[in-house]
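Open the model in your viewer and keep the selection tool ready. We will go stop by stop.

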Amino acid sequence: MSRVVFVRLVGFMIIVAQLAVTPLAAQDATTYAERGPYTVGAMEFLMNADSERPVPVTVWYPALSPDGLPEEIMYDTGLRAILPDMPDGMVFFPGSAIANAAPDAGNGPYPLVIYSHSNITSRFFTAYLQEQLASYGFVVMAAEHIGSAFIDGIVNPPEAIEPYALAVAYRVQDVAGELDLAAQLAAPGEAFEGMIDMENVAIAGWSLGGNTALLLAGARFDVAAMTEWCQEPGRDEPCRLLDYTAQIAGILGFDPDAEGLWPSFADSRIDAVIDMAPGWSMAFGVDGYAAVTVPSMTLMGTADDPFGTVINAYREVSSTDKALVAFEGAGHTIYGNCPQFWIDGQFPFCFDAAWDMAAARTYVKHFATAFLLAELKGDEAARVALAPDAVSFPGITYEAVGF
């Protein structure tokens, strides 16, 4: 398959330039980037199986391994269904989990984390993070958001934006469905009985998934503010979202003529949020972030905020516990993990101009794990590790309130 097709997979996300500087490497005291004490299992489910939009969901969880099986798995992206001649290296993502392992209910229940993937990628692109959290005693669920997943990046024309704009709404519905599914799976006699603590729930996401996470945590779109913001020249691309606000509103079930701050789509079951490079951040304006009161962590690259709106996800939320992890010089892609086949093929989505990708993932794991341990498990050592005077890593600018 040509490289051009793969470039289409990244859609409207920022494509990094050629490596121009020595990539930064992770150093010192990234305690929570180490694998946790639990064996990790992975299990597949299908939401809305009888509907026009069935949604695959993967669950990662603390597992039993009485036979000492290696934590090895190949995640199937489903791309071969439309491109049958693809080599395995393009279709399957290697991971570190045991497929369908028995859940470790004896040490449960465990807090729940919902993860939302970036636009036209896959839930498996960040499986390293889902696995990491499961190894520390979390149950993690991630849907393949139909309409803005890998396959959609191939079948839709390059100039398409409508499917991804409407995904803003469909993803909110997906997350609500995942939360319902989690409660069902945790019921007596079900697959995860005794495994899921529905009283301690977080949501995390990257790019468009970060937008989704913020919406479910309480952030509100500010159409009036975005309309005004879009009057400035050079903002045509992100402002195409405004062409679809009526359709988004219709899917979410409120007056499509609404202006100003939209209603809140916060889910009261969510207790914390991690947003990584949240997409369409300008759609929240400034006031739209204020309704976020749950503990929050924002991760971003300083080269990935050309309009100065991403950082508002940290500055403008009302959370009493909040943290900002800024990767100096980093672009939009540092949160992912390409299969070796993609790396060998030099696909630009697998690299960053300023950062070694493995180093960036080390910091992502460290900060996300510490944050969720502190907020969902009350882990005081993790909370101490997030105090501003405890964070001193090369290439990382860190701010925090409440730690």
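In what order do the 10 strands of the open sheet stand? Select them in this predicted model and read across: β5-β1-β2-β7-β6-β8-β9-β10-β11-β12, with mixed pairing. Strands of a sheet pair through backbone hydrogen bonds, either parallel or antiparallel.

**Stop 1: the sheet edges**

Select β5 (98-99) and β12 (396-401). These two strands stand at the edges of the sheet. Each has a single partner strand, so one side of each is left without a neighbour in the sheet.

β11 and β12 run antiparallel and are joined by 6 bridges. Pick Ala 323, and you will find Ala 400 of β12 standing opposite.

**Stop 2: helices across the sheet**

Select helix α6, residues 208-217. Helix α6 lies across β6, β8 (196-206) and β9 (272-276). Its direction is at about 140° to β8.

Next, select helix α12, residues 357-377. Which strands does helix α12 lie across? They are β6, β8, β9, β10 (296-301), β11 and β12. Helix α12 runs at about 165° to β9.

**Stop 3: salt bridges**

Side chains of opposite charge can pair when their charged atoms come close. A search of the whole structure turns up 10 salt bridges.

Show Arg 123 and Glu 44. Their closest N and O atoms are 3.0 Å apart, and the two form a salt bridge. This pair links distant parts of the chain, 79 residues apart. Arg 123 is in the loop between β6 (110-116) and α3 (127-135), while Glu 44 is in strand β1, residues 39-47. Is Arg 123 buried or exposed? Arg 123 counts as buried because its relative accessibility is 6%. Glu 44 is partly exposed, at 42%.

Move to Arg 53 and Asp 174. In this salt bridge, the closest N and O atoms are 2.7 Å apart. Arg 53 lies in the loop between β1 and β2 (55-63), and Asp 174 in helix α5, residues 162-185, so the pair ties together parts that are 121 residues apart in sequence. Both ends are hidden: Arg 53 is buried at 18% relative accessibility, and Asp 174 is buried at 2%.

Then pick Glu 237 and Arg 240. Here the closest N and O atoms of the salt bridge are 3.4 Å apart. Glu 237 is partly exposed, with a relative accessible area of 41%. Arg 240 counts as partly exposed at 25%.

**Stop 4: aromatic pairs**

The whole structure holds 29 aromatic pairs. Select Trp 229 and Phe 307. Their ring centres are 5.0 Å apart and their planes stand at 85°, so the pair is edge-to-face. Trp 229 is in helix α7 (residues 223-229), and Phe 307 is in the loop between β10 and α10 (312-315). Trp 229 is buried, at 15%. Phe 307 counts as partly exposed, at 31%.

Now show Phe 327 and Trp 355. With centres 5.2 Å apart and planes at 75°, this pair is edge-to-face. Phe 327 belongs to strand β11, and Trp 355 to the loop between α11 and α12. Both Phe 327 and Trp 355 are buried.

**Last stop: Thr 333**

At 0% relative accessibility, Thr 333 counts as buried. What does the side chain of Thr 333 reach? Look for the backbone oxygen of Phe 351, at 3.0 Å.

Terms used. Residues numbered from 1 in each chain as written. Predicted model: local features only at pLDDT ≥ 70, side-chain atom pairs only at ≥ 80, totals over all residues. Heavy atoms only, no water. Buried < 20%, exposed > 50% of the residue type's maximum accessible area, 1.4 Å probe, protein only. Polar contact = N/O pair within 3.5 Å; in protein donor to acceptor, adjacent residues only side chain to side chain. Salt bridge = Lys/Arg side-chain N within 4 Å of Asp/Glu carboxyl O. Helix = DSSP H or I, 4+ residues; strand = E, 2+ residues; numbered from the N terminus. Pairing = 2+ DSSP bridges. Contact = heavy atoms within 4.5 Å. Axes fitted to C-alpha atoms, helices over the stretch in contact; angles between N-to-C directions. Phe/Tyr/Trp six-rings, centres within 6.5 Å; stacked < 30°, edge-to-face > 60°.
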